[in-house]
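Please keep the sequence and the structure in view while reading.

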Amino acid sequence: MNKEINSTRLKKHYRSQEVTLLVLMILALPLFGVVYLYYNSGNLHWNLPEIPDFFKGLLAGLGYGVLMGQYFIFRDTLKKARQEEDFEEKIIFFLDASKKRFFYLFGISLISTVGLLFYQTAWFIILFALTLVFFSLAKVSPERTKRLLRLSKEEGEILRLISRPD
């Protein structure tokens, strides 16, 4: 009975993490897409206010800084997750860290969208492209989780069962 409760709890966390990723991607992609089309069209005029160039550097620096920071924060959290003795707590710790990483990446996508909207420079397009790469790398799969947490074969099989749809 205890295994069933643990499995149910892990499935709930796994599904929550998957849904969070999908919702954030569904929000980020169209927002950036509309701004990117505006940027490329050249004939649309939204009469946006002029914002000093100081903020362009600030936005770009903030975006790239958070992009690098989320990677290091996730790596530190991954080390802590590996040290957990209990399998269930290790997986939940990892899934929560992944979910937090998605929110950082979503914030970066908003920064790149706003930056492209107001300053129309390729640096914000590159920032968004890098953010998409990290979104892809951050997606949790049983194989990736097993490799990152250095799990045993049996623990990897439990993860595979948890990740399957009901």
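Which residues of H4 are buried? They are Phe124, Leu127, Phe128, Thr131, Phe134, Phe135 and Ala138. The model discussed here is predicted.

## Helix H4

The buried residues of H4 fall within an arc of 120 degrees when the helix is seen down its axis, so they line one face of it.

Helix H4 covers residues 122–138. Its 17 residues should span 24 Å at 1.5 Å a residue, and the C-alpha atoms at its ends are 24 Å apart, so the two values agree.

## Helix H5 and the residue after it

Helix H5 takes in residues 142–149, and its buried residues include Pro142, Thr145, Leu148 and Leu149. These four lie on the same side of H5, because they cover an arc of only 135 degrees around the axis.

Which residues make the nonpolar surface patch of about 240 Å²? Val19, Val23 and Leu27 do.

Val23 has its place in helix H1, which runs over residues 2–41. Its relative accessibility is 41%, and Val23 therefore counts as partly exposed, since that class lies between the limits of under 20% for buried and over 50% for exposed.

## The segment after helix H6

Helix H6 spans residues 153–163, and Pro165 is found in the segment that follows it. Is Pro165 buried or exposed? Pro165 counts as exposed because its relative accessibility is 70%, and the limit for that class is over 50%.

Pro165 and Tyr39 are 126 residues apart along the chain. The separation of their C-alpha atoms is 40 Å.

## The chain as a whole

How many helices and strands does the protein chain have? It has 6 helices and 0 strands. Along the sequence, the pattern reads α-α-α-α-α-α.

The radius of gyration of the protein chain is 19 Å, whereas a compact globule of 166 residues would have one near 15 Å. Taken along the principal axes, the box filled by the C-alpha atoms is roughly 65 × 30 × 20 Å. Of the 166 residues in the protein chain, 36% are buried.

Terms used:
Residues numbered from 1 in each chain as written. Predicted model: local features only at pLDDT ≥ 70, side-chain atom pairs only at ≥ 80, totals over all residues. Heavy atoms only, no water. Patch = residues over 30% accessible without salt bridge, like charges linked within 9 Å, V, L, I, M, F, W, Y side chains within 5 Å. Areas by Shrake-Rupley, 256 points an atom, 1.4 Å probe, with all protein chains shown as cover. Salt bridge = Lys/Arg side-chain N within 4 Å of Asp/Glu carboxyl O. Helix = DSSP H or I, 4+ residues; strand = E, 2+ residues; numbered from the N terminus. Buried < 20%, exposed > 50% of the residue type's maximum accessible area, 1.4 Å probe, protein only. Arc of directions from axis to C-beta. Expected span 1.5 Å × (residues − 1). Rg over C-alpha atoms; globule rule 2.2 N^0.38 Å.
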